[in-house]
Amino acid sequence: MADVNRTNGGANLLALRSHNTALVLDLLRGAGADGISRLELAERTGLTPQAVSKITARLRQEGLAVEAGHRASTGGKRRTVLRLVPGAGHAVGVHLDRDALRAVLVDLAGTVVAERCAVLDLGAGAEAVVAVVAEEVESLAKGVRGGDGAGAAGADTVAAESLPALLGVGVALPGPLDHTRGVLHRVTGFPEWNGFPLRDALARRLGVPVAVDKDTNAAALGLAVAGERGSFAYLHLGTGLGAGLVIDGAVHRGARTGAGEFGHQVVQLDGPPCGCGDRGCVEALCLAAVARGDLAEAARVLGIAAGNLIALLDIDLVLLGGRTIATARDAFLRGVAAVLDERARRAGEEPVPVRAAPGEVADGAAQLVLGPLFGRADA
């Protein structure tokens, strides 16, 4: 793997691994273009002013932070404010669905600066899928460089030097999988992926760090980083159905990254067969209703399953996403909310709100790379 722990466009990963540096970077990112003063950084991190000065001096030297003017004087010396330089580094987020790929290039602020979409057959085999991902990552980087032609998507390894301060690639796809090792398990409908070390295979091909997680977990992480607070569930209905869970502000993956297999809760014992091998799973019932055009029934089933989740975890919010939801957002929001409202009425409680999730899975996948730099690996 190429050495990406060098200064590359202002991104020195060795310097970014400090916990204190991550705290400062996170506050700089949150301050946006208005910036934040060193005194405010010290107050909000609990670090000494001397420690903050050392950290911010290093960040400025590496091009990650710059001065952004001064605060008005309140009787003493005017305070210099600093802001993050979003373009000092980038990450790629890739969403591998069963039949399509979406890849985005995001800057340090999480803003999408380039995007690629491609048809994908997840059943085409590991070699073919890895090649498509490598090609799309390189194409994104070439677009930002203005198409100078550096690097070669068809080569066995994409030269890391050709990528614009690329800190790494986050990949999100259907589970189950081992998030820690980046190894896939028996992806529903694609058992041939069982045991494939996707993270290591892509890291060798791309020459940069790679993180792998379930699509729903990546989306939930992206939502938490973007500002969703408390405990919530992100329900993703696309070619499959899953959930990303954030409990008390942190993504809950479970001991084996198995949390969130929401679509495979059985709600009809004699129901239709599901790709997981069971019968009457929420996913099978939802997708069958969608296939026959009965969106009201699909929303009702999704609402029942969401109600089960609320009863188990006592979450504060349900967020709906995925391309099937996107095709009839209002119908799904109304249908799920109606089930949850009725459930709450029977229990004498306030209903848990239901909203459409902003952002996309690929955006959250990029946070698998950026999150640790800002001390937000688990939101």
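Arg343 is partly exposed in this predicted model, with a relative accessible area of 24%, where partly exposed denotes a value between the limits for buried (under 20%) and exposed (over 50%), calculated with a 1.4 Å probe on protein chains only. Its salt-bridge partner is Glu349, with the closest N and O atoms 4.0 Å apart, and Glu349 is likewise partly exposed at 45%. A salt bridge is taken here as a side-chain nitrogen of Lys or Arg within 4 Å of a carboxyl oxygen of Asp or Glu, and the structure holds 16 of them.

A further salt bridge joins the side chains of Glu342 and Arg345 at an N to O distance of 2.6 Å. These two residues are 3 positions apart in helix 11 (residues 329-347), so about one helical turn separates them; helices (H or I, at least four residues) and strands (E, at least two) are DSSP runs numbered from the N terminus. Glu342 is partly exposed at 32%, whereas Arg345 is exposed at 56%.

The side chains of Asp97 and Arg323 also meet in a salt bridge, at 3.6 Å from N to O. Because Asp97 lies in the loop between strand 4 (90-96) and strand 5 (100-107) and Arg323 in helix 10 (residues 323-327), this pair ties together parts that are 226 residues apart in sequence. Asp97 is buried at 7%, while Arg323 is partly exposed at 37%. Asp97, Asp99 and Arg323 are linked in a network of salt bridges.

Residues are numbered from 1 along each chain as its sequence is written, and side-chain values use heavy atoms, with hydrogens and water left out. As the model is predicted, local features need pLDDT of at least 70 and side-chain atom pairs count only at pLDDT 80 or more, whereas totals for chains, interfaces and linings use all residues.
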